[in-house]
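Please have the structure open as you read.

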Amino acid sequence: MAQERKVTDLRALISDLPKDDRALADRIFDVSTTTGRLDPPEAMYAWIEKSFGSTNRVTAQRIVKVTNLITLEGTLFNELRASRPLDTGVSLDLDREIAATEGDPFCNPEAGTPADVFGRVQGEHATTASNVAKYDGFHGVIVFDDHNPLHLTPEKVAGYVSVGLEWGRQALETDPEARYPFLMWNCLWRAGGSIIHGHAQVTATRGSHYPKVERLRRAAAAYKAEHGSDYFEDLAHVHASLSLDIPLEGVRAFASLSPIKEKELVVIGDQPGDPSLSRAVGALLEGYVKDLGVRAFNVAFYMPPLGPTQEDWSDFPTVVYIVDRGDPANRTSDMGAMELYAASVVASDPFRVAEVLRDDLSS
Ligand SMILES: [Zn+2]
């Protein structure tokens with residue numbers, strides 16, 4: 001049996017790739033490994049052994065720093081943190097807490113929420129509302145029929161996305177300058193969701209895309225100009241060559257080597273409205289909840305604009321990010337100054353995440 005792949009062995013795993021795959025991995029990622037050491041007093045030994053299994057694992061800790069050289073996103077993985085088992089437990093308290101808020105305004109959106117100036121978009125699993133306190137000139141809420149956001153299926157998620165995209169088209173009809181759409185889902189408090197009832201959000205902005213989307217477009221364009229190949233294809237290829245891909249029909253999906261936070265998945269599809277893309281996102285979210293025990297998560301759709309623009313979006317696919325935001329019962333925030341201003345510090349091993357989801361989705 002092949003030895004278990006670990007992110008802390010990433011340098012060696014890349015070195016073992018066939019020559020062309022290795023060159024591509026080295027073009028996109030810089031990987032460096034360091035050891036953090038400490039010297040605990042004897043009085044701490046018992047606690048360390050209880051918490052981490054052995055003193056040796058704590059006194060010398062392997063840390064891998066992965067930097068995406070194209071986008072300058074980067075992550076620090078610590079072997080000690082990464083080797084902790086993935087917690088997949090289900091909390092009955094959370095289910096009860098979600099059920100206790102049934103009957104909220106989103107359970108009856110026609111009466112409990114405002115409509116947009118162009119009305120509401122109704123779909124099979126959701127209906128839209130206008131957000132009361134707006135992020136941007138156009139800001140809608142995709143209110144799910146389901147109160148419990150974790151009762152999701154690929155079909156329901158495809159329905160939520162198609163309602164959101166139709167909302168974007170109606171916003172564009174209302175204001176032809178509002179051609180840059182953004183679709184997001186903040187599931188539960190830790191992910192920034194203030195209302196429990198299942199909902200995603202959609203905005204449309206003017207002038208230029210949101211800076212992080214525009215930054216990715218520029219990075220991919222510069223990559224193409226320098227190397228003559230497609231950044232997104234190459235990124236997916238590198239992840240697949242390392243067995244981080246999750247095979248799903250019509251998309252390229254993988255567990256990211258430079259995750260912004262825990263268990264980040266990236267899904268690359270063609271058109272935002274492509275049903276295989278939203279179903280793939282739904283299947284991954286279902287695996288997230290069922291197999292990985294995720295409760296609070298963010299989803300973000302990077303999409304090209306809906307109308308003609310000065311800048312070139314012709315090579316830009318639809319890129320979807322999915323990230324776990326941690327246990328709802330945990331009071332410590334999962335993000336601190338490192339994530340906001342330096343690099344992300346991540347505990348989950350992308351090789352484990354890909355393995356769990358691949359096993360589930362291929363069965
Ligand atoms: Zn509700």
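## Cysteines

Cys-187 is buried, at 1% relative accessible area. Cys-107 is partly exposed, at 37%. The classes use a 1.4 Å probe and protein chains only: buried is under 20% relative accessible area, exposed over 50%, partly exposed in between.

Cys-187 is in no disulfide; the nearest cysteine sulfur belongs to Cys-107, 15 Å away. A disulfide here is a pair of cysteine sulfur atoms within 2.5 Å. The count by this rule is zero.

## Model basis

This is a predicted model: local features need pLDDT of at least 70, side-chain atom pairs count only at pLDDT 80 or more, and totals for chains, interfaces and linings use all residues. Residues are numbered from 1 along each chain as its sequence is written, and side-chain values use heavy atoms, with hydrogens and water left out.

## Zinc site

Asp-104 (OD), Cys-107 (SG), His-147 (ND1) and His-197 (ND1) coordinate the zinc ion at 2.0 to 2.2 Å. Donors are N, O and S atoms within 2.8 Å of the metal (3.2 Å for Na, K and Ca); water is not among the atoms, so sites may look incomplete. The site is tetrahedral, with angles of 89 to 131° among its four donor atoms; the rule asks that all angles lie between 85 and 135 degrees.

Along the chain, the donor spacing is D-x2-C-x39-H-x49-H. His-147 and His-197 are 50 residues apart and link distant parts of the chain. Both histidines, His-147 and His-197, are buried.

Key: Four donors count as tetrahedral if all angles lie between 85 and 135 degrees; four count as square planar and six as octahedral if opposite donors are over 155 degrees apart and all others between 65 and 115; anything else is irregular. Helices (H or I, at least four residues) and strands (E, at least two) are DSSP runs, numbered from the N terminus.
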